[in-house]
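Hi everyone, thanks for making the time.

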Amino acid sequence: MKPIVILGIFVADTAYRAERQPKMGETILGKSFVLGPGGKGSNQSVAAAMAQAGTGGKTHFITRLGKDAFADIARATWAKAGVEPEVTEDADSYTGAAYIFIEEATGNNAIIVAPGAAGRVSVADVEARAALIRGASVFITQLEQPIPAARRALEIARGAGVRTILNPAPAAPLDDAMLALCDVVTPNESEAEALTGLPVTTVAEAEKAADALLARGVGAVVITLGGNGALYRDRSRSVHVPVISAGPVVETTGAGDAFNGGFAVALSEGRDMVDAVRFGCATAGISVTRPGTAPSMPSRNEIEALLAGR
């Protein structure tokens, strides 16, 4: 079975909860602190590896880390999930981290991301894993690492006939040549709006945005719609897949990463596109019933049980 290969970043999420942010020069006491794994590429790799458990499939994750304690968290996270790390160690930088302040009364947040080594993922890092990418069943990347690296990886994958998925998050301007390298793009509503300039608040609006992306050379579009499920659209069909609920929603952070990981696994196993969207929706539907990002990703058995129960 050919592997799934993912290019992206890892950052350690450091979340502080307090009544308010401190003023400059001030120290205050917080209510809680949580340290955990983050980064879209890393989260997607965990989701994919968990969804492959017991199938013989493998997920490889290409990234860059420093040599420090946060890198140890990354490696432990991947080892627990079964991810195969493809890491460039960067002695001149540090493993990325995010400061997340959460206001106790409202849940509103303010975030500082220091990507460190992850911000130095390069074309050379990609070229060094070209053979791995060419041998993949599915290749995924996002836009958290530098775009030249993502573009080169998509070029290598496309040149080898590997199915390519771009999760365009966070939203950034992309030219038509890069979009034409993508068999599937998987934006959420805000990312689809940023890419097309069209509002995406309903399924009908999502269809129009998807058509705009198809016109720019994308092979197919999946727009994730939060509580409204996902829209799959290509040049011959359009299917709205409703949310697949696994229970009360606890936290939606990481739901998009869960979807992309599950979607990639289903495609790697030869499932139809719409069936793959359903598999991704089930993966996300379970993840939102749990706190955290990587720790919320479900096992293969959980996903299959949810789908069988519908």
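Let's begin with a question: in which strand does Tyr99 lie? Tyr99 lies in strand S6, residues 95-103. Before I go on, a word on what we're looking at: this is a predicted model, where local features need pLDDT of at least 70 and side-chain atom pairs count only at pLDDT 80 or more, while totals for chains, interfaces and linings use all residues. Residues are numbered from 1 along each chain as its sequence is written, and side-chain values use heavy atoms, with hydrogens and water left out.

Back to Tyr99. It's partly exposed, with a relative accessible area of 27%. On that scale, buried means under 20% relative accessible area, exposed means over 50%, and partly exposed is in between, using a 1.4 Å probe and protein chains only. If we skip the neighbours within four places in sequence, Tyr99 is in contact with Thr14, Tyr16, Gln21, Ala110, Ile111 and Ile112. Contact here means heavy atoms within 4.5 Å. And Ala114, 15 residues from Tyr99 in sequence, is 8.3 Å from it in space, C-alpha to C-alpha.

Okay, zooming out. The protein has eleven helices and 13 strands. Those are DSSP runs numbered from the N terminus: helices are H or I with at least four residues, strands are E with at least two. There are 310 residues, and 50% of them count as buried. The C-alpha atoms fill a box of roughly 60 × 40 × 40 Å along the principal axes. Of the contacts with a separation of 6 or more, 66% are between residues 24 or more positions apart.

Now for the aromatics. How many aromatic pairs does a search of the whole structure find? It finds five. Rings of Phe, Tyr and Trp (the six-membered ring for Trp) pair if their centres lie within 6.5 Å; planes under 30 degrees apart count as stacked, over 60 as edge-to-face, and the rest as tilted. One of the pairs is Phe10 with Trp78, edge-to-face, at 6.1 Å centre to centre and 85° between the planes. Phe10 sits in the loop between strand S1 (4-7) and strand S2 (11-18), and Trp78 is in helix H2 (residues 69-81), so this pair ties together parts that are 68 residues apart in sequence. Trp78 also pairs edge-to-face with Phe61, at 5.4 Å centre to centre and 75° between the planes. That one links Phe61 in strand S4 (residues 59-65) to Trp78 in helix H2, 17 residues apart. Put together, Phe10, Phe61 and Trp78 form one aromatic cluster. As for burial, Phe10 is at 0% relative accessibility, Trp78 is at 0%, and Phe61 is at 0% too.

Last stop: helix H10, residues 273-287, where we find Thr283. Of the 15 residues in H10, 13 are buried.

A polar atom of its side chain lies 2.9 Å from the backbone oxygen of Phe279. Beyond the neighbours within four places in sequence, Thr283 is in contact with Ala258, Gly262, Pro298 and Ile303.

How values were computed: Polar contact = N/O pair within 3.5 Å; in protein donor to acceptor, adjacent residues only side chain to side chain.
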